[in-house]
Structure formats: structure tokens, C-alpha cells
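Reader: Hi! I'm new to this one, could you walk me through a bit of it?
Author: Happy to, let's look together.

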Amino acid sequence: MGKRLLITGFYLFLSFLSFFLAVNSVLAADTIKIGMITDLTGMAYIIAKDNVDGATMAVEEINKKGGILGKKLELLVRDSGLKTDLGMAAARELIMDQKVNFLFGPVSSAVRLAVSDLAKQ
């Protein structure tokens with residue numbers, strides 16, 4: 001039940017996302033890169049693992065059906081280890097090096113706030 005709800009939520013997120021992609025420069029790319037920062041090591045592992053599994057399943061299903069607006073999705077997962085410095089480093093790498101189009105996560109509110117501040121820049 002939890003994974004099904006997570007997949008449904010991810011599909012809903014991606015549905016809204018596809019609308020905004022129509023007017024975004026993302027259309028010029030072959031793939032849509034989605035960065036996911038989560039807490040795969042540490043106390044939040046169980047929650048984070050389910051989040052990654054659900055997002056992976058959703059991306060695979062969407063790609064099997066042709067992607068979004070003909071673009072395949074690529075999910076790039078990074079571990080923050082429940083540490084703000086690792087989360088920030090992961091966010092920088094995903095934004096600057098990997099050039100992700102979208103970024104979401106993590107489970108930890110402290111890491112999430114730090115990553116959010118970085119992403120706003």
C-alpha cells in the first residue's frame with residue numbers, strides 16, 4: 001500500500017511537471033534528468049529506500065510508455081547520509097555537473113532546508 005501510494009504521488013508530480021515542460025528549455029534535451037537526494041545511510045534508511053524504490057519503479061513505467069512528451073526520464077539518486085554537508089555536496093553535483101532539470105528529496109528536514117536554500121540560488 002505504501003509503495004503504491006508513493007508511485008501514485010510520483011505520477012501525479014510528473015503529470016504536473018509535463019505541463020510545465022512544454023514551455024521549458026528541457027524540450028531541447030534527449031532526456032529529462034531528475035535528481036533525488038535521500039538518506040540511504042543512517043536512521044532514515046527504511047523510508048529512503050522505499051522512496052528510491054518507488055521513484056525507480058515510476059520512472060521505469062513512464063519510460064516504458066514512451067516517457068513524458070517523448071522524453072525519457074533519468075533518475076539520479078544521491079545519498080545525504082542525514083548530513084547537511086553531504087546533502088549540499090550532492091545537490092551541487094546534481095545541479096552543476098549533472099545538470100538535472102528537477103531536484104527532490106531528502107527525508108531529513110535539516111538536509112532538505114539546506115538543499116532548498118542552495119537550489120534557490
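Author: One term to begin with: a contact means heavy atoms within 4.5 Å. This is a predicted model, where local features need pLDDT of at least 70, side-chain atom pairs count only at pLDDT 80 or more, and totals for chains, interfaces and linings use all residues. Residues are numbered from 1 along each chain as its sequence is written, and side-chain values use heavy atoms, with hydrogens and water left out.

Reader: Great! Which residues does Val100 touch, leaving out those up to four places away in sequence?
Author: Val100 touches Lys33, Ile34, Gly35, Leu76, Leu94 and Ile95.

Reader: Is Val100 buried or exposed?
Author: Val100 is buried, at a relative accessible area of 15%. Buried means under 20%, exposed over 50%, and partly exposed in between (1.4 Å probe, protein chains only).

Reader: And where is Val100 found?
Author: In the loop between H3 and S3. Helices (H or I, at least four residues) and strands (E, at least two) are DSSP runs, numbered from the N terminus.

Reader: Switching to H4: which of its residues are buried?
Author: Val111, Ala114, Val115 and Leu118. They cover an arc of only 95° around the axis, so they sit on the same side of H4; the arc is taken from the directions from the helix axis to the C-beta atoms.

Reader: What covers the buried residues of H4?
Author: The cover includes strand S1 (31–38), helix H3 (84–97) and strand S3 (102–104).

Reader: Which exposed residues are on the face turned away?
Author: Leu113 and Lys120.
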